[in-house]
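Work through the exercises below with the sequence and the model in view. Each task is followed by a worked solution.

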Amino acid sequence: MVIDHLGLPGASEGADRAVLDLATRDHVWVKASAPYRCAPDAPGLMLQRVLEEAGHQRLLWGSDWPWTRHEHSRTFADCLAWPAAHVDPSVLRAAVTTNPARLLNWSPRRGAATGPQAPA
């Protein structure tokens, strides 16, 4: 199960607590995305709480593209800058690369073709 947008923190302490409790479970992953969908300080605080209570092993990052209802005020670089300002580079790298690969049980093959193969 993936909790999107850090669970949209800030609505209530009870809701935030529920997200944090779920985040400690082995089958639950938390995606840090779309901080602009929450109260200004809530996402950064929730991200820190998730890292403190559940660790970074099941933290994911997403751009939230196509930024529904926010299309004209977002860029990919801005979306990536937000978590970069809140976590260590190694945590962000894991959230963008190795953690989603583990979630999806995906392992790229070295030397694999990058496009469709012609029939033999």
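**Exercise 1.** Where is the place of Leu-104? Then decide whether Leu-104 is buried or exposed.

Solution. The model is a predicted one. Locate helix 4, which covers 89-103; Leu-104 sits in the segment after this helix. Next take the relative accessible area of Leu-104, which is 63%. The cut-off for exposed is over 50%, so Leu-104 is exposed. Finally, look at the surface around it: Leu-104 forms a nonpolar patch with Val-2, Leu-103 and Trp-106. Together these residues have about 410 Å² of accessible area.

**Exercise 2.** How many cavities of 30 Å³ or more does the structure hold, and which residues line the largest cavity?

Solution. A search of the whole structure gives three such cavities. The largest cavity has a volume of about 60 Å³. Its lining consists of Ala-23, Val-28, Trp-29, Val-30, Val-50, Ala-54, Gly-55, Gln-57, Arg-58 and Leu-59. Strand 2 (29-32) and helix 2 (42-54) are the elements that each give two or more residues to this lining. Sorted by type, the lining residues are seven nonpolar, two polar and one charged.

Conventions. Residues numbered from 1 in each chain as written. Predicted model: local features only at pLDDT ≥ 70, side-chain atom pairs only at ≥ 80, totals over all residues. Heavy atoms only, no water. 1 Å grid on protein atoms, 1.4 Å probe; cavity = no way out; pocket = protein on both sides within 12 Å on 5 of 7 lines; lining within 4 Å. Points joined across faces, edges and corners; volume = space filled by probe spheres on them. Helix = DSSP H or I, 4+ residues; strand = E, 2+ residues; numbered from the N terminus. Nonpolar A, V, L, I, M, F, W, Y, C, P; charged D, E, K, R; others polar. Patch = residues over 30% accessible without salt bridge, like charges linked within 9 Å, V, L, I, M, F, W, Y side chains within 5 Å. Areas by Shrake-Rupley, 256 points an atom, 1.4 Å probe, with all protein chains shown as cover. Salt bridge = Lys/Arg side-chain N within 4 Å of Asp/Glu carboxyl O. Buried < 20%, exposed > 50% of the residue type's maximum accessible area, 1.4 Å probe, protein only.
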